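Let's take a friendly walk through a protein model together. Have the sequence and the 3D view at hand, and look up each residue as we come to it.

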Amino acid sequence: QVQLVESGGGLVQAGGSLRLSCTTSRSISSINLLGWHRQAPGKQRELVSIIREDGSANYADSVKGRFTISRDNAKNTVTLQMNSLKSEDTAVYYCAVGGIFMSTTWRPRYWGQGTQVTVSS
């Protein structure tokens, strides 16, 4: 079992930045897949970004060029830097690790509790 603790959510004005962090209860050095999903009110949960053990990453089209994902194996942390935030980025953001990634779909093994990001216009 792996526990995930997210931090960094909050309220920000459009155009601003936030940095989300997720710390795991065990070493991530052997975990290939780490990343973030989000779920806006009334919408399905969607993949935001995923980073692999080799450092390669994927991003949702809606966040490309604005969000950057990174991982620090020494600190067991995955981080999502979010810049140029828009009102449509408002959602609960969930950290996730492990599982299977095929094509554009990721089925994580473990999930965090989520952190609220609200972008005011």
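This is a predicted model: local features need pLDDT of at least 70, side-chain atom pairs count only at pLDDT 80 or more; totals for chains, interfaces and linings use all residues.

Residues are numbered from 1 along each chain as its sequence is written, and side-chain values use heavy atoms, with hydrogens and water left out.

**The disulfide**

How many disulfides does a search of the whole structure find? The search finds one, where a disulfide is a pair of cysteine sulfur atoms within 2.5 Å. Its partners are Cys22 and Cys95, with sulfur atoms 2.0 Å apart. This pair links distant parts of the chain, 73 residues apart: Cys22 belongs to strand E3 (residues 18-24) and Cys95 to strand E9 (residues 91-97). Strands (E, at least two residues) and helices (H or I, at least four) are DSSP runs, numbered from the N terminus. The torsion about the S-S bond of Cys22 and Cys95 is about -80°, so the disulfide is left-handed.

**The sheet with E3**

E3 is part of an open sheet of four strands, in the order E1-E3-E8-E7 with antiparallel pairing. Strands E1 (4-7) and E7 (67-72) stand at the edges with a single partner strand each, so one side of each has no neighbour in the sheet. Two strands pair if DSSP finds at least two bridges between them; E3 and strand E8 (residues 77-82) pair in the antiparallel sense over six bridges. Across this pairing, Thr23 stands opposite Thr77 in E8.

Ser21 also lies in strand E3. Contact means heavy atoms within 4.5 Å, and leaving aside neighbours within four places in sequence, the contacts of Ser21 include Val5, Trp36 and Val78.

Buried means under 20% relative accessible area, exposed over 50%, and partly exposed in between (1.4 Å probe, protein chains only).

| Residue | Relative accessible area | Class |
|---|---|---|
| Cys22 | 0% | buried |
| Cys95 | 0% | buried |
| Ser21 | 19% | buried |
| Asn76 | 19% | buried |
| Ser84 | 41% | partly exposed |

**Two loop residues**

Asn76 is in the loop between E7 and E8, and its phi is near 55°, a positive value in a residue other than glycine. Ser84 sits in the loop between E8 and E9; the phi of Ser84, near 50°, is likewise positive in a residue other than glycine.
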